[in-house]
Amino acid sequence: MTEPTSQAARPTPTDHSATIKASLKRRYRAETRFRWYGRIAIAFGLAAVLVLFVDIISKGHGAFKTTHIAVPVEYDLAQLGVRDLNDNQQLALADWDALFKSGLRELLPDVSGRSARRELYRMVSNGAGYDLKDRLQANPRLANQREQVWLSADDDIDTYFKGLLDGDPYTARVTEQQIEWIDELRSAGQIRTQWNRNFWTRGDSREPEQAGIWGAVMGSLFTLAITFALSFPIGVSAAIYLEEFAPRNRFTDFIEININNLAAVPSIIFGLLGLAIFINFFGVPRSIPILGGLVLTLMTLPTIIITSRAAIKAVPPSIREAALGMGASKHQVVLHHVLPLAMPGMLTGAIIGMAQALGETAPLLMIGMVAFIVDIPQAFTDPATVLPVQIFLWADSPERAFVEKTSAAIMVLLGFLIIMNTTAVWIRKRLERRW
Amino acid sequence: MAINNDRPIPTQSVGAQFHDNARMSMRDVNIFYGDKQAIFDVSLDIGQNEVMAMIGPSGCGKSTFLRSLNRMNDTIEGCRVVGDIAMDGQDLYDSKLDVVELRARVGMVFQKPNPFPKSIYDNVAYGPKIHGLAESRVDLDEIVESSLRKASLWNEVKDRLHQPGTGLSGGQQQRLCIARAIAVNPEVILMDEPCSALDPIATAKIEELIEELSENFTIAIVTHSMQQAARVSHRTAYFHLGRLIEVNPTEQVFTMPEHELTEGYITGRFG
Ligand SMILES: Nc1ncnc2c1ncn2[C@@H]1O[C@H](COP(=O)(O)OP(=O)(O)O)[C@@H](O)[C@H]1O
Ligand SMILES: [Mg+2]
């Protein structure tokens with residue numbers, strides 16, 4: 001498209017290089033600027049992540065340790081009113097708190113007066129009596145014996161003591177007397193922090209020192225198992241049908257548009273849908289992992305269908321042609337060639353869908369998985385809560401000790417998410433085939 | 001393709017379209033993609049153990065025509081074939097005919113080598129497996145070996161039968177695809193520009209192979225290389241804008257073409 005006239009109008013060829021040089025400088029400057037925009041954006045993202053992690057870890061690390069007090073205990077069956085350790089009724093009626101109360105009095109003999117004693121007893125966890133009962137039941141040889149037991153301290157004592165160790169004690173919830181006793185116990189080596197087993201092995205509790213994450217972890221596992229078992233086969237089948245078998249017409253276009261729309265629906269709507277369909281219509285009980293799994297299946301299906309379709313589309317047509325040319329039937333082409341090649345992509349999509357489901361809170365609130373549940377779920381039909389809902393519940397609790405529990409639970413949830421996403425990347429890298 | 005616009009394209013093909021010992025015969029074949037017609041009134045025979053080359057400028061419908069011979073066009077939405085295509089007297093577009101069976105009898109080799117991302121062994125064994133041609137593992141081993149031998153690939157791969165077929169060189173991959181196609185012992189093999197993605201040495205090997213295969217198989221090959229057509233084929237068909245212009249013994253096509261369009265193409269005036 002070069003007209004001879006304009007070429008003739010140009011001066012000499014040497015002027016060209018000068019013009020180019022000048023424009024080059026401009027281009028390089030633009031490029032440098034562009035590169036810096038990118039770097040700044042990435043730095044900003046990394047900084048945000050770093051702040052998040054530092055904040056959560058600094059708040060949450062304390063929850064992995066908890067304060068214990070060494071109390072001498074004498075399992076005096078006569079005093080407890082228990083004659084037979086296998087008689088549950090006797091065990092239930094016994095005053096187990098008396099065991100640690102007398103132990104505490106022994107430990108700090110100077111304490112006198114009703115109110116002072118009550119303050120003293122409040123130093124250990126409310127559940128300490130039951131812990132001792134469990135201990136004796138598990139080990140009947142302890143009957144009528146003496147031993148020193150590290151009992152978990154009350155959450156206020158725990159918060160104060162851990163603050164004390166960090167040089168920043170929080171005194172608002174402890175009395176001056178209790179502070180004195182703690183000093184006394186500390187110099188005697190009778191108080192210390194220990195690995196917090198309760199956090200990893202128990203369900204929720206009103207008492208922060210007894211509350212654990214395990215109930216929510218199990219609830220999440222059961223719920224996700226249902227979600228995966230339903231959404232993966234359904235999603236993959238739908239994707240295969242739509243990609244490989246369905247005719248292209250208005251109806252399939254309509255389906256396609258709606259699947260994409262479904263992926264964009266706010267998750268709380270799925271909760272309402274689950275409430276209306278599964279609970280009100282089919283009468284599925286509230287709060288159970290089956291119900292949570294059903295609702296999360298509705299939510300993850302579009303994601304799995306879309307990623308699976310993309311994975312199927314990515315299988316080169318030449319492979320399909322080769323198989324068809326060999327006389328493979330349509331379903332053999334899919335089964336022998338398309339599916340194996342698309343599987344890594346489908347699994348990656350499924351794992352990402354599961355990670356989304358794991359972090360989902362809103363729809364589960366609608367179907368009663370926000371209930372306060374102490375027992376660790378043992379089956380798909382036991383009432384349960386899930387990790388993000390547990391975080392929500394703890395964040396909402398007034399006790400100060402729940403602050404660190406909240407952050408610790410977030411760490412656990414993030415840990416699971418990181419594991420899942422890493423697995424997805426690993427699968428993709430590992431199973432990826434070149435052709 | 002500005003040439004010859006002044007002359008109408010003939011509706012009648014010239015030359016020896018028909019064959020006494022025809023394996024496949026096509027009569028008045030018209031092929032459409034939706035409303036667009038890609039092949040016009042083509043009649044042609046392919047003889048027993050013949051190598052039929054199809055040449056012509058790109059876009060003239062060679063692949064479309066070739067793919068109608070094993071009904072690969074069925075997989076393209078909107079593609080319609082009108083006319084008679086028969087193999088040993090049997091109508092290929094009969095509703096009672098099973099395409100799976102047809103494709104076992106009419107094998108195909110594609111332009112770009114497309115081995116399955118599986119082992120060399122599994123590539124060759126795939127056809128026999130899905131058609132149930134092997135009674136036992138020993139049978140299958142035998143089929144794989146003889147197919148690879150016929151494709152002159154055995155010596156190069158016998159020590160790595162269980163490595164992926166995609167790890168071979170381009171020429172080896174194409175010979176693997178040929179081995180895969182002949183493993184089901186088809187009667188006809190269709191090849192759509194099988195050498196266009198290969199270097200000259202690999203091309204020479206494939207051409208040699210085609211010559212050997214013609215002893216046992218009937219072959220229809222589309223090629224954009226006139227030298228290749230001249231080297232491997234017995235008869236050559238020249239297509240132009242969806243019409244079959246001329247069919248004649250290869251030697252004649254390249255020495256004294258009957259039609260001036262053919263002459264124009266082989267002398268390089270267009271294409
Ligand atoms: N899948 C298709 N859909 C619509 N038109 C097609 C399709 N495949 C080929 N065509 C058209 O049919 C004509 C013949 O194509 P093709 O058979 O591929 O030519 P050749 O193999 O001779 O280069 C071309 O005009 C091409 O655009
Ligand atoms: Mg959401």
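Colleague: Is Glu244(A) buried or exposed?
Modeller: Glu244(A) counts as buried, because its relative accessibility is 8% and the cut-off for buried is under 20%. Keep in mind that this is a predicted model.

Colleague: Where is Glu244(A) placed?
Modeller: Glu244(A) is in helix H11 of chain A, which covers residues 214–245.

Colleague: And which residues does Glu244(A) touch?
Modeller: Leaving out residues up to four places away in sequence, Glu244(A) touches Ile312(A), Arg320(A), Lys330(A), Val334(A) and Val338(A).

Colleague: New topic, the two chains. How many residues does each chain bring to the contact?
Modeller: Chain A brings 19 residues and chain B brings 23 residues.

Colleague: What area do chain A and chain B bury between them?
Modeller: About 1700 Å². Carbon and sulfur atoms account for 61% of it.

Colleague: How many salt bridges cross that interface?
Modeller: The rule finds 1 salt bridge between chain A and chain B. Glu321(A) pairs with Arg67(B) there, and their closest N and O atoms are 2.7 Å apart. Across the interface there are also 6 residue pairs in polar contact.

Colleague: Which helices of chain A supply the side that touches chain B?
Modeller: Helix H15 (317–325) and helix H16 (330–359) of chain A each supply at least two residues. H15(A) gives the most, with 7 residues.

Colleague: How many salt bridges are there over all chains?
Modeller: The count comes to 27. One of them joins Glu50(B) and Arg235(B), at 2.6 Å from N to O.

Colleague: Where do Glu50(B) and Arg235(B) sit in the chain?
Modeller: They link distant parts, 185 residues apart. Glu50(B) is in the loop between strand S3 (36–47) and S4 of chain B, and Arg235(B) is in strand S10 (residues 235–240) of chain B. Glu50(B) and Arg235(B) are both buried.

Colleague: What about Arg137(B) and Asp141(B)?
Modeller: Their side chains meet in a salt bridge too, at 3.8 Å from N to O. Both residues are in helix H4 of chain B, residues 137–150. They are 4 residues apart, so about one helical turn separates them.

Colleague: How accessible are Arg137(B) and Asp141(B)?
Modeller: Arg137(B) counts as exposed, at 52% relative accessibility. Asp141(B) is partly exposed, with a relative accessible area of 33%.

Colleague: Which residue does Arg231(B) meet in a salt bridge?
Modeller: Glu207(B), at 2.6 Å from N to O. That pair is 24 residues apart, with Arg231(B) in helix H8 (residues 226–232) of chain B and Glu207(B) in helix H7 of chain B. Glu207(B) counts as buried, at 6% relative accessibility. There is a network as well: salt bridges that share partners join Arg23(B), Asp88(B), Glu101(B), Arg105(B) and Glu187(B).

Colleague: Let's do strands. Why is strand S9 of chain B largely enclosed?
Modeller: Strand S9 covers residues 218–222 of chain B, and 5 of its 5 residues are buried, so the rest of the structure largely encloses it.

Colleague: Which way do the residues of S9(B) point?
Modeller: Thr218(B), Ala220(B) and Val222(B) point one way, and Ile219(B) and Ile221(B) point the other way. In a regular strand the side chains alternate between the two faces of the sheet.

Colleague: Which strands pair with S9(B) in the parallel sense?
Modeller: Strand S4 (residues 51–55) of chain B runs parallel to S9(B), joined by 4 bridges. There, Val51(B) has Ile219(B) as its bridge partner. Strand S8 (residues 188–192) of chain B also pairs with S9(B) in the parallel sense, over 5 bridges. Val188(B) stands opposite Thr218(B).

Colleague: What do S8(B), helix H7 of chain B and S9(B) make together?
Modeller: A right-handed β-α-β unit, with helix H7 covering residues 200–213.

Colleague: Back to S10(B). How many of its residues are buried?
Modeller: 6 of the 6, so S10(B) is largely enclosed by the rest of the structure. S4(B) pairs with S10(B) in the parallel sense over 4 bridges, and Ala53(B) stands opposite Thr236(B).

Colleague: How does strand S11 of chain B run against S10(B)?
Modeller: Antiparallel, with 6 bridges joining S10(B) to S11(B), residues 243–249. Arg235(B) has Pro249(B) as its bridge partner in S11(B). The two strands form a hairpin with 2 residues between them. Leu241(B) in the turn has a positive phi of about 45°.

Note on methods
Residues are numbered from 1 along each chain as its sequence is written. Chains are lettered from A and ligands numbered from 1 in the order in which they are written. This is a predicted model: local features need pLDDT of at least 70, side-chain atom pairs count only at pLDDT 80 or more; totals for chains, interfaces and linings use all residues. Side-chain values use heavy atoms; hydrogens and water are left out. Buried means under 20% relative accessible area, exposed over 50%, partly exposed in between (1.4 Å probe, protein chains only). Two strands pair if DSSP finds at least two bridges between them. A crossover is right-handed if, with the strands pointing away from the viewer, the path from the first strand over the helix to the second runs clockwise. Contact means heavy atoms within 4.5 Å. Buried area is the accessible area (1.4 Å probe) that two parts lose on being put together, summed over both. A salt bridge is a side-chain nitrogen of Lys or Arg within 4 Å of a carboxyl oxygen of Asp or Glu. A polar contact is a pair of N or O atoms within 3.5 Å; within protein, one must be able to donate a hydrogen and the other to accept it, and residues adjacent in sequence count only if both atoms are side-chain atoms.
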